[in-house]
Amino acid sequence: MSKVKLKKKLDTIEEIINDACKILELMTLPSISGANQSHGVAANSQGSVTTSTSLSEIIGRDEDCDKIVAMLHEKEEHGQPDTNSAPCYSVVGIHGVSGSGKTALAQLVCAREKKDAHFDLVMWVYVTQEYCVDNLYVQMFEAATLTSCPQLSNRDTLQRILEEKLHGKRFLLVLDDVWYNIRDVMRCESLQQILSPLQAGEAGSKILVTSRTEDALLALGATKKRCIPIPVLDENVFCNLLMYYALHGVPADDHARSTLGDIGKEIAKKLKGSPLAATIVGRQLHMRQNVEDWRSVRDRNLLNETMGALWWSYHHLRDQVKRCFAFCSIFPRGHLLERHELVNLWVAEGFARLTSEGEDMEDVCREYFDELVSASFLQLKAKENSREKDYYLVHDLLHDLAEKAAGSDCFRIEYSLKLQGKYLAVEVPPNVRHIFVPIYDEELITKKICQLDNLRTLIIGSLYNLEIVGDQVLKCIFKRLRMLRVLTISAKDFIGSDVPSDVRVPACIGQLRHLRYLAFQPVSYQASGRRMILPATFAKLCHMQILDFGWIKKVVFSSCEHICSLVNLRHVICVRDVDLGSISNLTSLRTMAAFNVKREQGHELKQLGNLNKLRGQLLISGLEKVESKAEALEANLASKEGLSTLELSWGWDDEASPEVQAEVLEGLCPPKDLKSLIIKSYEGLRYPSWMHNGGPKHVNHLKLMRCSPQPGPELGVFCAHLRELRIQFCDWHALPDYMEHLKSLQTLHIKSCKNIRLLPALPQSLELLDLTGCNEVSLGSCCMERLTSLQTLMISSCNGIRSLPTLPQSIKDFKLRTDSEVLLSSCRTAGDPYWQKIKHIPYVSICKSSNNNMEIERTAMKMGVVQDQKEARKIVVRHLFLLRPTV
């Protein structure tokens, strides 16, 4: 490094240290040298934060305070303090990055509790990073007694006198700023020592903990639902917070306040919602009450001046976790991140640092991910509905931090530049290693990006990319960017073949010898229906770990006999079909959604035998081509302990006799920890013995579709954990008699089983019962009134049901769609006993099967049940309405 560059670096370090010192002064944190003082020193002399901060400075946290106070006041069943049962206290926690307002919120809660007098004692203890257990005992004693603690040299004595002060009292203890490292065994033990004297308190006591990480809260005994991430302040509330610090108590006329207020709004936007930044900048503005100074502050890079607290948290992450977080800066602000996607990228980039033999790279990177979530560097996005996947976001302020941490390693081309026609004018750093291009642009890629010799990561496009990637561009990438480890291309379509239904990947892809992660993801329906053909040279990519083909209809390897050279392949991701053959040597494979058995070399069921690291979901189809139990046993399914979902599917061509099918299914015993099992089109003579005993005991979802053996299977092995059972298109005349013993069953779907006439006794744990297309079924035999947990009953197109049985009082939602005039006519009058059976149910819908939704909407409005079409579309309403052809 030249002297000029060295001087610049030293100047930067000096600025960071000066900023950190300013923040330490504002946060009144103790110095490191003072962290291990003698336990006899009074708490306040250690520079601890107390609850004496003026509550008028805590703005926008009233709702959060109410939520926490409600948790603190919850009544729980606790054992007596002198027993060995549950502790007398429970733990509620607040977690978030430094400067996010955790302590301020805890102060507001503490002040509320002192006023309400719900607790006999309210104690505040500031923990710090390098805490001493004796010092914390001293703080607890002084907070409980409001007197100085006597000088004691024995910890046991100190603990005993503290227990005496807490005995028989219901207390609230606030542990502020708890630092925790899950890998530090000594720290884990000392945290438990802090809690030792608290068992002397009265049942109903509470501990409120603030920490940067969720792990600290869990280590102290908080449950997940009581770990509260510090919420982001509303934009207007945040602006009010800044203006409070800037203008509180300042004599100014209305015009001056209005002018400064307008500038203050612009300043607030630059602070990205950080309460600490609002405090620091607001106090600076408070000392300069003129428009010119405020405009000067507005035009500065404020985040550089206020990011010290975040840097403080960042530097306490492990080195590899820092790299993973910095890598996140490659994605645009607001980009939705998925856990498995980030983990796979980090694995491909080589970020996983293995510390012991046998460790799995994905497991290590998942630990990194969880650490970032625990420390709030990654935040779970609020779901708009229960079916939405878990997505994670990097807050804008933390995104700025990630960019600073990444330096010139990561670069992102903004989408707005494409709209402005300035794509080609972008100056790309020549030594960049990871780059993200939101919209495909042929000139940008060929003239600029393909000149980056050190490029390791190239991510092109997003779900909104409507461009078509040309064959020449692919060839340019494959030939020029020889150091690529990650290549992801999302586009409307890919050109690479004269056959409209095929996409042929250029043979020169074999030159990307370092490639570990390859993703071709079409975003149009037309493109997803095409075949992608990989060349024989693909076998040269011996370092390949992850292949992701998204919604492509089918992926074909030109040289299946050479696929065995991809010995490092770990994940093959494709929603549809990947024609993988000769995979018996791919022992590193973790993800392979489907395997189709064929009567061809390399596609036999035995190819799965050594793939014991498979995880997640696996569909095995074409089982009609398996000829014996011995052949089925060669798949060695029982050893694939990482599988969570297994689907076994037979074809329609009657190749295998019922006796052979029975033997094959007997040999396909799943792993013992399987969670979901699906069996389709099975026509064997009997069900396997492992479904009764010896099979997977922890299955919670079972689906049987087009399974013909009579009677239905005994489900004894599933009785403890099965929660959902789906039976579809089965020819059974009755359900298994064992149903009542499925003590955990909550959801039962029976669809298009036209021969079933009677339902057996059902388990009392059942919460949802769905009967669809079962024409002959009757409800009279299942003792429905005994189903005291049943909340939802849905009956559709079951015309054999002529009357309703007595329904349990627990039902909240009842939907009936039927063409049975007997049942419909019995429900038409309010004086009818059937009305009496269902009038207590909050949500009832009864209609003809032949009526469509529009008719339901019109009739509901006509009968005055709902007032407008938007409300009518909810269909299920708080009144009984009946559609008849005459209405």
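Where does Ala117 lie? Select it and look: Ala117 sits in the loop between α3 (102-116) and β2 (121-128). (Helices, H or I of at least four residues, and strands, E of at least two, are DSSP runs numbered from the N terminus.)

Before going on, note that this is a predicted model, where local features need pLDDT of at least 70, side-chain atom pairs count only at pLDDT 80 or more, and totals for chains, interfaces and linings use all residues. Residues are numbered from 1 along each chain as its sequence is written, and side-chain values use heavy atoms, with hydrogens and water left out.

Back at Ala117, check the backbone: phi is near 60 degrees, a positive value in a residue other than glycine. Ala117 counts as exposed, at 57% relative accessibility. (Buried means under 20% relative accessible area, exposed over 50%, partly exposed in between, with a 1.4 Å probe and protein chains only.)

Next, pick Leu146, in the loop between α4 (133-145) and α5 (155-166). Here too phi is near 60 degrees, positive in a residue other than glycine. Leu146 counts as exposed because its relative accessibility is 76%.

Now try the cysteines. Cys65 is buried, at 0% relative accessible area, and Cys239 is buried as well, at 11%.

Last stop: Gln661, in helix α23 (residues 658-667). Is Gln661 buried or exposed? At 6% relative accessibility, Gln661 counts as buried. Show its surroundings: leaving aside neighbours within four places in sequence, Gln661 is in contact (heavy atoms within 4.5 Å) with Trp650, Ala656, Ser681, Tyr682, Glu683 and Gly684.
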